[in-house]
Amino acid sequence: MSKEKNIPTITVNYNNNGSSVTSNELGMRAMQELAYEKRGEQYLLIKSPPASGKSRALMFIALDKLNNQGIKQAIIAVPEKSIGSSFNNEPLSKYGYYYDWEVTPKWNLCNSPGEDGGKVNSVKAFLESEDKVLVCTHATFRFAVERFGVEIFDDRLIAIDEFHHVSANDNNVLGSQLKDFIERDKVHIVAMTGSYFRGDANPVLMPDDELKFEPVTYTYYEQLSGYEHLKTLNIGYYFYSGAYTDDLTKVLNPDEKTIIHIPNVNSRESIGGTRFKHQEVDNILNELGEWQGIEEATGFHIVKTNSGKIIKIADLVNDDASKRPLVQAALKMPEIKTNRDHVDIIIALGMAKEGFDWIWCEHALTIGYRSSLTEIVQIIGRATRDAPNKTQARFTNLIAEVDASEDSVTDAVNDTLKAISASLLMEQVLAPKFNFTPKNHQSKEQEGYDYGEGGYDPNKENVGWNEEKGEFQVEIKGLAMPESEDAKRICKEDLNEVIAAFAQDKDSIGRGLFDEELVPQELTQVRLGKIIKEKYPEIDDEDIEAIRQHAIAALNITQMAKQSINNEENDNIKANTALIDGIRKFAMDVRDLDVDWIDSINPFSEAYSILSKAMTEKSLKAMAEVISGKKPNINLEEARELAKRALKFKNERGRLPDIKSADPWEQRMAQGIAYLARKKSVEQDG
């Protein structure tokens, strides 16, 4: 096997304190305890990573509502039938809880027979019964609400699992039904999601509805730090030219338990669409070694690798009704949980993502760009389970290089930008939490934080680290703090949402990577400010500015930390100091941590330096040409925003920005004023 050619854009190390897998006296793990503390809330939104125990957390909350809060019944809606098994009976009292979780078999509509007409009638029969718990699919629940209205559900708990499937989009029935339930205000709702990016392009809830939900956020950092075995997670992308199967063995190690997600049949990475998907599987098998036949009991392919090892490969791409059910059944055998060698590699197309549980998976290898961040979180979640002797896991995105000679060069550029954007956002998800405070004469040491060698220094901006909470406390000079409750909640809970909207803005990331004349503040101040204003139109300008400063600080501090790790000469250091050390090192090296300085950093420059190592010069040049062709001149809206910034500049410095200034940002603000003055005189001459 040739040397693995994978450039990790980020490595995160975790401290393995075992907390997320050990239980308290009620039998709850850390995340479940966190959610249970909020069990009295009418509307609860639980955001926590795959495998953190959300279904059991819901059982604890639902049982308390049924027994102590006057709720008549609990209805649990899951996106697909297979996930219904997560809510099977659990003898919770055996582990210390007050009640057991019991679902009468006929009320688990994911298993019980009956077509959807029958199932919808079953929902009504359940509502009229004395029984307490119903489990059904999102679809069954949706049809039941359409048929019987929202009033029939009064005084009940509605729990929606994998909540990111819902959206406030007019075409999303469940989303609009949810709005009706909230308006009527007679039910309790628990929404759960493993994705930190709600609904990607479409918000799941409108901001005003969302504010009614009490959030419980359990971060990836908390989850993975609390594991016993898994210590390191690598995320990276790798570019190939030609057919991806030719380069597969450069990123695929047959000794690692791997799920390979082959490209969507409509994507440009696909070898030939639907007709050739089986050919792609055959090509992968050939790359891995010599095919030996099929195991009778499981339907797995047996392959002898070049090193002489025999490996078993499950093919979930083949949808032949005589073959796939056998393979699927083999992946559900009890041995899959206990025997690491039950299967070695799984090849999937659209399967083995959400709700698929294979704890031994060490490598999620995805070919081709994925449009949804939620999907990427789900795919990575397959590899981030804790299992004996599994100390590291990785996610690799294999992407076709941009080829200037192709007709679809613009699509290729867009896909590459999206892949980089997804990588940046996963870094934010995997990083610990940041709490930002302004540095002023009242600033003081916070209890429980370690401020590094020499401790807290009242004369500078300090960065403290709390190992137990997995969060940084960062002092920044000139930082604006949010005033309204909405803005405070966004700064505390939703900075990643804001960063996602920014990093997915093609113009921002394209210019940040390839515009050599870019003044960073055009992105960090003007563009980001505009994106936040569009996302939260009800919030006033002062709070928009506070949210903007918090978001760019979180993004740029992560990026600078990454840069300080990647600049280490010694590769060994790079392998062992991950993000936490990078943030600390960066904080120690900075003289003044202030808002203006943070705004002057191009948030995409470190991504460019990784890209330039991962891509051929020819492809980089092709990308730069496509992006520079779209380079914008100042427009009216941007000029107005620049003029606003110029006014702030004047209030601080007692003069307007000078167009001949050596500072490019001052020049740009002056250009904004000049543009407006020209426009005005043209109109007057009009």
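Two strands count as paired if DSSP finds at least two bridges between them. Keep that in mind for this predicted model. The chain has 25 helices and 18 strands. Its radius of gyration is 27 Å, close to the 26 Å that the globule rule gives for 686 residues, so the chain is as compact as a globular protein of that length.

**The chain as a whole**

- The C-alpha trace spans about 75 × 65 × 65 Å along its principal axes.
- Of the 686 residues in the chain, 56% are buried.
- Take the contacts between residues at least 6 apart in sequence: 74% of them join residues at least 24 apart.
- The chain exposes about 29700 Å². Carbon and sulfur atoms supply 46% of that area.

- Strands of a sheet pair through backbone hydrogen bonds, either parallel or antiparallel.
- Strand S9 covers residues 258–261. Strand S13 covers residues 345–348. The two pair in the parallel sense over four bridges.
- In that pairing, isoleucine 260 stands opposite isoleucine 347 in S13.
- S9 also runs parallel to strand S14 (residues 363–367), and four bridges join them.
- Threonine 258 stands opposite histidine 363 in S14, and histidine 261 stands opposite threonine 366 in S14.
- S14 pairs in turn with strand S15 (residues 392–400), in the parallel sense, over five bridges.
- Here isoleucine 367 stands opposite leucine 398 in S15.

**Cover on S9 and S14**

- Both faces of S9 are covered. Thr258 and Ile260 lie on one side, Ile259 and His261 on the other, and all are buried.
- S14 is mostly covered, with five of its five residues buried.
- From S14, His363, Leu365 and Ile367 point one way. Ala364 and Thr366 point the other way. All of these residues are buried.

**A three-strand sheet**

- Strands S16, S17 and S18 form an open sheet in the order S16-S18-S17, with mixed pairing.
- The edge strands are S16 (433–438) and S17 (463–466), and each pairs on one side only.
- From one strand to the next, the twist averages 20 degrees.
- S17 and S18 (residues 471–476) run antiparallel, joined by four bridges.
- Tryptophan 465 has phenylalanine 472, in S18, as its bridge partner.

**Glutamine 32**

- Glutamine 32 is found in helix H1, which covers residues 30–36.
- Is glutamine 32 buried or exposed? Glutamine 32 counts as buried because its relative accessibility is 3%, and the cut-off for buried is under 20%.
- Leaving aside neighbours within four places in sequence, glutamine 32 is in contact with Gly27, Ser52, Gly53, Arg56, Ala57 and Phe60.

**Cysteines**

- How many disulfides are there? The count comes to zero disulfides, where the rule asks for a pair of cysteine sulfur atoms within 2.5 Å.
- Cysteine 361 has a relative accessible area of 0%, so this residue is buried.
- Cysteine 491 has a relative accessible area of 10%, so cysteine 491 is buried as well.

Technical notes:
Residues numbered from 1 in each chain as written. Predicted model: local features only at pLDDT ≥ 70, side-chain atom pairs only at ≥ 80, totals over all residues. Heavy atoms only, no water. Axes fitted to C-alpha atoms, helices over the stretch in contact; angles between N-to-C directions. Rg over C-alpha atoms; globule rule 2.2 N^0.38 Å. Buried < 20%, exposed > 50% of the residue type's maximum accessible area, 1.4 Å probe, protein only. Contact = heavy atoms within 4.5 Å. Areas by Shrake-Rupley, 256 points an atom, 1.4 Å probe, with all protein chains shown as cover.
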